[in-house]
Amino acid sequence: MTPMTHENPQEATPRIGTLDSLREHLQWAIELEHATLPPYLTALYSLDPERNPEAAQVVGSVFVEEMLHLALAANLLNAVGGRPLLDTPEMLTPYPRRLPHGDPSFEVSLVAFGAEALEMFLRLERPAPPGAPPEGDRYATIGQFYAAIEQGLRYLCDQLGEEAVFSGDPARQISGAHFRHTGGSLFAVEDLESALGALKEIVEQGEGAAGGSIWDGEHDVFHPERDEVAHYYRFQELKLGRRYRRGDTSESGPTGEKISVDLAGVRPMSRNPRPAAPGSATRTAQEEFNRTYRDLLQLLEQAFNGSPKQLADATSTMFTLKRQAQALMEMPGGAGPTFEYTDDRGTR
């Protein structure tokens, strides 16, 4: 794998120079990947898939691949002897919120699908500019954050040796046998080569392959005859109303078939929903959604800490979340999920 920026990570001063710092930053990577999930889910749940099949397909595919990135980040942390944490209040700070340890000027919100959501997703997934330096904190782009992790991995392997860096239990790794429905690859991380492969998978699915390519190196899982564009360019397709086709570039823009978006086929929802009045039907539905979402976080944490079969239960929980969120959006007053961390697990 070539470095993800034009700066050579082996020559630059490392931002991540100790194993403890590496583990801390990989936990931040887990928090970063998770922070994108509620905004994508909210936009996806707001779409009527019969009236907006293409938009639902795009947002849904990005969400699934963000789940893949979350799993790869957990594999990376486990590989270097860390312990992934997801079932914590820090995972669900109120929206609007900043990305964990990211650019403080950028916030993500919970909004129904539309122009605001697309602009937010484009800012979230935008490629790092050529020559952009690695940034382990207050990163301008996600690619620069992962470039800092790559830099740290290379430095520590050079200083300590791979065996000292990759000291984690291989049994805690999650492989592709436990993850489906994405054109990407979920694989075990056991050495520097596989770790760099995991970073490459995350970055290229988000912002495109090295050299400014719009493609992520995979085939479209829904349309195998098509090459797949990276997340940033999938959202450009929705914004501009056309698909990219072979020969297109970031400069040319998409010149392929038209994509239609029916904004009337979007469930109404207030921006960054707040808890409804105590005792109301809406508040009860919000609290039930939040309990289910915490169930999901717990299942994911268990899966990433030695119980990979829990991913199947996590997938089942996603269907419950969808049903609960869409029921909320049908309630009066622009109701929607609040994605609050709750200590009230209730009874099942």
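**Group meeting: helix packing in a predicted model**

His 25 sits in helix H1, which covers residues 19-35. Is His 25 buried or exposed? Its relative accessibility is 7%, so His 25 counts as buried. Before I go on, please keep in mind that this is a predicted model.

Now let's step back to the whole chain. There are ten helices and four strands, and along the sequence they come in the order α-α-α-β-β-α-α-α-α-β-β-α-α-α. The chain has 348 residues, and 56% of them count as buried. If you take the contacts with a separation of 6 or more, 71% of them come from residues 24 or more positions apart.

Helix H5 runs over residues 142-160. Its 19 residues reach 27 Å from the first C-alpha to the last, close to the 27 Å expected at 1.5 Å a residue. H5 is mostly covered, with 15 of its 19 residues buried. Just after the helix comes Gly 161, which takes a positive phi of about 95°.

Next is H7, residues 192-207. Its end C-alpha atoms are 22 Å apart, and this agrees with the 22 Å that 16 residues should span at 1.5 Å a residue. How many of the residues of H7 are buried? The count is 13 of the 16, so H7 is largely enclosed by the rest of the structure. Gly 208 follows H7, and its phi is positive, near 105°.

So who does H7 pack against? One partner is helix H3, residues 53-79. The axes of H3 and H7 come within 10 Å and cross at roughly 155°. The two helices are therefore roughly antiparallel to each other, and their crossing is left-handed. On the H3 side, the residues that meet H7 are Glu 65, Leu 68, His 69, Leu 72, Ala 73 and Leu 76. On the H7 side, you can pick out Ala 195, Ala 198, Leu 199, Glu 201, Ile 202 and Gln 205. Sorted by class, this contact of H3 with H7 has eight nonpolar, two polar and two charged residues.

While we are on H7, have a look at Gly 206, which is found in that helix. Gly 206 has a relative accessible area of 7%, so it is buried. What does Gly 206 touch, not counting residues up to four places away in sequence? Its contacts are Glu 125, Ala 230, His 231 and Tyr 232. Gly 206 and His 231 are 25 residues apart in sequence, yet their C-alpha atoms are 4.7 Å apart in space.

H3 has a residue I'd like to show you as well: Asn 78 lies in that helix. With a relative accessibility of 1%, Asn 78 counts as buried. Setting aside neighbours within four places in sequence, Asn 78 is in contact with Arg 83, Pro 84, Gly 168, Asp 169, Arg 172, Gln 173 and Phe 304. Take Arg 172 from that list: it is 94 residues from Asn 78 along the chain, and the two C-alpha atoms are separated by 6.6 Å.

My last stop is the pair H9 and H10, residues 281-303 and 310-329. Their axes come within 9 Å and cross at roughly 165°. That makes H9 roughly antiparallel to H10, and the crossing of H9 and H10 is left-handed. The H9 residues that meet H10 include Phe 289, Tyr 293, Leu 296 and Leu 300, and among the H10 residues facing them across this contact are Leu 311, Ala 314, Met 318 and Leu 321. The residues of the contact of H9 with H10 divide into 13 nonpolar, eight polar and two charged.

H10 itself has 20 residues, which should span 28 Å at 1.5 Å a residue; its end C-alpha atoms are 29 Å apart, which agrees. Its buried residues include Thr 317, Gln 324, Gln 326 and Met 329.

Thanks, everyone; I'm happy to take questions.

Definitions and conventions: Residues are numbered from 1 along each chain as its sequence is written. This is a predicted model: local features need pLDDT of at least 70, side-chain atom pairs count only at pLDDT 80 or more; totals for chains, interfaces and linings use all residues. Side-chain values use heavy atoms; hydrogens and water are left out. Axes are lines fitted to C-alpha atoms, for helices over the stretch in contact, and angles run from 0 to 180 degrees between N-to-C directions. Angles under 35 degrees count as roughly parallel, over 145 as roughly antiparallel, 65 to 115 as roughly perpendicular and the rest as oblique. A crossing is left-handed if the near helix is turned anticlockwise from the far one by less than a right angle, and right-handed if clockwise. Contact means heavy atoms within 4.5 Å. Ala, Val, Leu, Ile, Met, Phe, Trp, Tyr, Cys and Pro count as nonpolar, Asp, Glu, Lys and Arg as charged, and the others, Gly among them, as polar. Buried means under 20% relative accessible area, exposed over 50%, partly exposed in between (1.4 Å probe, protein chains only). The expected span of a helix is 1.5 Å times one less than its number of residues.
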